[in-house]
Amino acid sequence: MTNPNPDPTPNRTPMPELAPPPAPAPAPDPGPELKREPVPLPAPGPAPAPPPRRGRLPVPRPVALAALPAALLALVCAGPAPGAPAPAAGPPARADVRGDAREGAHPAAPGQAGLPVRLRARGALQPAAPRPRTFDVAPARAALQRLLPRHAGQFTLLPDSAGAADTFTVSGTPGKITVHGSTGATLLTGVGWYLQHVAGADIGWPGDSIGMLPAELPGVPAPVTRSALVPHRYALNDTDDGYSGPYRSFEEHQRQIDLLALHGINEVFVQVGAEYPYYRALQGFGYSTEELRRWIPGPGHQSWWLLQNLSGFGGPVSERLMRERAELGGRIADQLRGLGMTPVLPGYFGTVPPEFAARNPDSATVPQGDWAGFDRPDWLDPASPTFGKLAAAYYAEQRAVFGDSTMFRMSPLHEGGRTGPVDVKSAAGAVQAALHAAHPGALWAVLGWQDDPTAELLAGVDTSKLLILDGLSDRYNRLDRETRWGGAPYAMGTIYNFGGHTTIGANTSVWIERFGPWRAKSNSALTGIAYLPEATGTNPAAFDLFTDLAWEPEPIDQRRWFADFAARRYGRPDAEAAAAWEELRKGPYSTSSGLWSESQDSLFTARPSLTAAGAAYWSPKSVRYPAGSVRRALDHLLRVDPRLRTSSAYRFDLVDTARQALANHSRVLLPKIKAAYEAGNQALFRDLTDEWRDGERKLDAITGCDPNFLLGRWLDRARSSGTDRAEQDRYEYDARSILSVWGPRGTSEGGFLHDYANREWSGLISELYARRWDAYFDSLEEALVRRAAPRAIDWHAFEEEWARRTTRHPVRPSGDPYGLAAAIAASLPAAAN
């Protein structure tokens, strides 16, 4: 995903109100999952047409399910089309891609109905006792142990089988805290509420203050019950895997899930390993494994392949890595199910490799043209007979590895896709029909972005089985989502981070001003929140506040919220911490809507130019708040009580605020350098560029103090995914290029994607950004001496050379963050009052 066009027209005339299409009869739930022994991955191939089915699936004798192809197995075990009677047996549990024995059963999703079945050792379908109205708290208990290793024993987690959905109750005396909840995740949300409102500690994303908790946790003055205000609490942008870390370990993903549950999220996009169902299914439609491996991009670029924007770049990916990623994705989905959360899986809407129609005569494809300099993959017309067969094969292969779900992500024609002769209304209906054939009644999650979803798409689907994830809720003004989308359900979303930029801030006041009134409208279609930054793990305050929207019964008072956040962020109240966060609240966290939803990036990370106004082409070109607020916040943080400076939360905030203050100063310094150069004042030019270079050195040093700002960690993960030098180098290039050139020259230059994912990280600053500015300033100084025009520099070649490097960088932080932050504060001018 990229930002909208550089000259956006945010205040479009609202579309006429659309009457939602008539809803068909409600689809039956797909039924509970089956428990089975792991089975080997079956041979791929197109799915045969399913035979007519009536009533329940008969079980006259043991069935050797392991011998069935995945596509056929899916059709045998899947539920009927919407409106038909529900079968007794649900879809099969996923097969483990490594073939080792693992537990494959998961609790049924809330609302599932039907007779539970159990697959015995021989593979026979046997009736089982009805599922009790409860759930296993063990996954929540394990998560609590990871989150609060010293205090987990003081919590009693109890399933509330009789309570309302999405509800927790917290009570207890000192050292004996009891949490009742409707799911494992909701139990953790109750723990999160307790930490925030009673214990006064923060487990942020990133940074925590749990080290400040007393040995015995405080009691709850009176039992407190909270229920979610909206049923859908969705997290993760389609780009999160690419920009947050495509080579992360299971433990890192597990930590992310724990944090999402702690903050009340119940639906999470699972992208890791999504290439594997494509790889398996398409082998049955005329493609060799070698062709498919060339077509599938490297993990760092797969987010945009799934959005039908590109293919191939950063690859090829080995089959071994695809299998490992598929297993990882399956484990992530398991982890979510164990907590009662919904793993949101990618759906199939028609992306195919080149020459698909030539190899499959009963199909028609539409060339999708260009996306930022990439040739987009073709779109298979959903009305063609082959679409249903390929979709069935895809969903069967996906189920075999990832298990089942009730929610799927698809955005056909994303960012400029071409419809050609295809009727979008009919195509949308066919896409939803294929989804429901594999997963009856499943919810289709579509991104609200630019002009999508269009009226034509909405007219072709049952919108009661659709959720629009609005990525523009806090960006533009005069929005009327009910009129724009004809009453289709939507979640209010935010994208306050693009590309993983290390920049502080968010339109938090806009969130607060809109969420309550939008939800209270008489015709409101708001049914959720959608946490959609393009990269996560960069902004703990924004994450905390946005997720609080869905759980606070009264409107949030922004000023009070930030004061409370300051108190718990470092483990206890502190006047200087409160003053620091009040400055940040008034500044970068109170930016307005109208054109932007993120703050400006740094000029230190920009491609060198005396007129540079931003690093990423699509980012704001000026500071969106009074820069002095960050400068004053830094001074206050440096005066926080020394006893509160030991937490990872304080360290991260200090490093991040010092980094931001220095980055904002780059916008003051560059115009002075420009003026000195244009005046021909060589001495002043040299002094100012020396100051710039010193700022870059300070920036590289301060970011080296915290693990969240290390290039070495990013690169080390990528290299560890390869088994030999060539594969390691290929994956490192995939990881480096997404941060710098992004793609080939045509994409980097013509598509303006170079530095789209810029970030102030130690190692990246010194090895790319500082060297780039050094080369530029040297060329300008040389021009001043010779009284000639500066020599031209091929910046793409410069950046491509960096992306091809394999130099190593530290994977552990070093240095004194407090001393370095104090030195930065001393080097910067004081903020004006």
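I looked up the polar side of Arg772 and found a polar atom of its side chain 3.3 Å from the backbone oxygen of Ala606, where a polar contact is a pair of N or O atoms within 3.5 Å, one able to donate a hydrogen and the other to accept it, with residues adjacent in sequence counted only if both atoms are side-chain atoms. The model is predicted, so I kept in mind that local features need pLDDT of at least 70 and side-chain atom pairs pLDDT 80 or more, whereas totals for chains, interfaces and linings use all residues. Residues are numbered from 1 along each chain as its sequence is written, and side-chain values use heavy atoms, with hydrogens and water left out.

I placed Arg772 in helix α25 (residues 764-786); helices here are DSSP runs of H or I with at least four residues, strands are runs of E with at least two, and both are numbered from the N terminus. Is Arg772 buried or exposed? I noted it as buried, because its relative accessible area is 0%, buried being under 20%, exposed over 50% and partly exposed in between, with a 1.4 Å probe and protein chains only. Leaving aside residues up to four places away in sequence, I listed what Arg772 touches, including Thr605, Arg607, Asp755 and Trp795, a contact meaning heavy atoms within 4.5 Å.

I then turned to an open sheet of three strands, ordered β10-β14-β11 with antiparallel pairing, where two strands pair if DSSP finds at least two bridges between them. β10 (351-352) and β11 (365-366) stand at the edges with a single partner strand each, so one side of each has no neighbour in the sheet. β11 pairs with β14 (residues 378-380) over two bridges, and I found Val366 bridged to Trp379 in β14.

For helix α11 (residues 385-402), I checked the length: its 18 residues should span 26 Å at 1.5 Å a residue, and the end C-alpha atoms are 26 Å apart, which agrees; the expected span is 1.5 Å times one less than the number of residues. I counted 15 of the 18 residues of α11 as buried, and after the helix comes Gly403, whose phi is positive, near 80°.

Last, I looked at the linings. Which helix gives the most to the lining of the second largest pocket? I found that α5 does, with seven residues, and that α2 (138-147) and α22 (711-719) are among the helices that each supply at least two. For the lining of the largest cavity, I noted α3 (184-199) and α16 (540-548) as each supplying at least two residues, with the largest share, six residues, coming from α3. I took both terms from a 1 Å grid over the protein atoms alone, a cavity being a set of points where a 1.4 Å probe fits but cannot get out, a pocket an open set with protein on both sides within 12 Å along at least five of seven lines, and lining residues having an atom within 4 Å of a point.
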